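Please read the following report beside the sequence and the three-dimensional model. It is written for a reader who is new to protein structure.

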Amino acid sequence: MTSHPGPFHGLLAYPVTPLAADGAPDLRALADLVAGALDAGADAVTVLASSGAGTSFDRSERDLVVRAAVAAAASAPVHVAVSAPTTRDVVRFGRDAVDAGAAGLLIAPFAYGPLVDDEVEAHVRALCDATAAPVCFYNKPLQTGYDLTPEFFARLVRETTVHAVKDPATLPARPRGRAAALRAALASSDVTASVGLSMDVALLDDAEAADAWHTGLAALAPVEYVAVRRDRVDGTEHAVEARRWLLAVATALTAMRPLGGLHALAELLGTPAGAPRGPALAATRAQVDVLRDLVAQRPT
């Protein structure tokens with residue numbers, strides 16, 4: 001890994017945004033997470049997405065976070081999530097991120113209510129027209145109420161600067177073979193793009209390697225995640241204990257509020273992350289105890 005084969009390929013680590021005692025972004029702690037993930041072999045990092053609580057930061061805070069991540073990453077790619085309820089803010093955030101050194105942008109169709117294809121298309125096109133940076137479409141239907149179809153994705157790739165999709169590896173009502181359907185739609189349109197998967201439990205259980213894995217847990221335990229990803233790509237089983245441990249951690253996190261669990265895990269693994277901003281809840285004492293026990297079982 002770390003060869004940076006193209007936009008949104010490989011293992012993409014999504015760090016939390018640590019907070020200092022005064023509630024401001026802890027840029028030094030963030031830089032440590034970014035550098036640690038890349039030094040361990042992650043191919044890129046993405047800041048200010050769901051794991052990084054991007055929608056909780058104002059424009060000036062976002063700029064500080066992006067610049068700190070880019071500085072810590074040296075020449076490695078830093079992608080920036082620019083999701084916002086208004087197209088105006090998405091365009092502003094996208095331009096700001098590129099000015100600060102972002103190598104790519106991530107956008108989810110985030111709005112007060114579910115959007116339709118025409119609205120999503122206009123939203124994405126506005127971002128793509130505003131910068132030359134490659135864009136990854138972040139498909140998260142359980143949270144947004146909008147589910148990207150393979151055909152619409154292929155059209156976005158053909159007509160805009162969308163180069164990738166981040167798609168759930170599994171959903172309750174979705175049949176298996178989703179990644180294959182996305183690839184087939186691209187092939188039928190004679191275009192190429194990265195088909196990436198998310199959701200740690202599914203990735204660590206039996207999800208295919210795909211073109212990319214997008215994961216918040218990889219930013220906190222990058223050595224283990226890099227080894228597991230390499231196994232899946234190569235068809236080997238050298239990191240059995242690392243995969244078993246990561247899967248146990250990921251499973252435990254599913255019983256917690258997402259940000260609270262990740263911030264607590266970061267603390268237990270040595271990064272001062274603080275509690276997430278409200279309304280996100282911090283992990284409870286019992287949940288922290290569960291994570292502490294798992295951290296104690298980390299393979300050496």
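The model is predicted, and local features need pLDDT of at least 70, side-chain atom pairs count only at pLDDT 80 or more, while totals for chains, interfaces and linings use all residues. Residues are numbered from 1 along each chain as its sequence is written, and side-chain values use heavy atoms, with hydrogens and water left out.

**Nonpolar cores**

In soluble globular proteins, nonpolar side chains tend to be buried together. A nonpolar core is defined here as a set of buried Ala, Val, Leu, Ile, Met, Phe, Trp, Tyr and Cys residues joined through side-chain atoms within 4.5 Å. Buried means under 20% relative accessible area, exposed means over 50%, and partly exposed lies in between, with a 1.4 Å probe and protein chains only. The largest core has 89 residues, of which Val80, Leu105, Phe153, Leu217 and Tyr225 touch the most other members. Helix 11 gives the most to this core, with 7 residues. A second, separate core of 12 residues includes Leu12, Tyr14, Ala44 and Ala49.

**Helix 11**

Helices (H or I, at least four residues) and strands (E, at least two) are DSSP runs numbered from the N terminus. Helix 11 covers residues 240–253, and its 14 residues reach 20 Å from the first C-alpha to the last, close to the 20 Å expected at 1.5 Å a residue. That expected span is 1.5 Å times one less than the number of residues.

Which residues of helix 11 are buried? They are Ala242, Trp245, Leu246, Val249, Ala250, Ala252 and Leu253. These residues cover an arc of only 160° around the axis, so they lie on the same side of helix 11. The arc is that of the directions from the helix axis to the C-beta atoms. Among the elements that cover these buried residues are helix 10 (222–234) and helix 12 (258–268).

Contact means heavy atoms within 4.5 Å. Not counting residues up to four places away in sequence, Leu217 touches several residues, including Leu246, Val249, Ala250 and Leu253.

**Aromatic pairs**

A pair of aromatic rings is described by the distance of the centres and the angle of the planes. Rings of Phe, Tyr and Trp (its six-membered ring) pair if their centres lie within 6.5 Å; planes under 30 degrees apart count as stacked, over 60 as edge-to-face and the rest as tilted. The structure holds 2 such pairs.

| Pair | Distance of centres | Angle of planes | Type |
|---|---|---|---|
| Phe137 and Tyr146 | 6.4 Å | 55° | tilted |
| Trp213 and Tyr225 | 6.2 Å | 80° | edge-to-face |

Trp213 in strand 8 (residues 212–215) and Tyr225 in helix 10 are 12 residues apart, and both are buried. Phe137 is buried at 1% relative accessibility, and Tyr146 is buried at 5%.

**Cysteines**

A disulfide is a pair of cysteine sulfur atoms within 2.5 Å, and the whole structure has 0 disulfides. Cys128 is buried, with a relative accessible area of 6%, and Cys136 is buried at 0%.

**Backbone features**

A cis peptide bond, with omega of about 15°, joins Gly278 and Pro279. Pro279 is in the loop between helix 12 and helix 13. Phe8 is not a glycine, yet its phi is positive, at about 65°; Phe8 lies in the segment before strand 1 (10–13).
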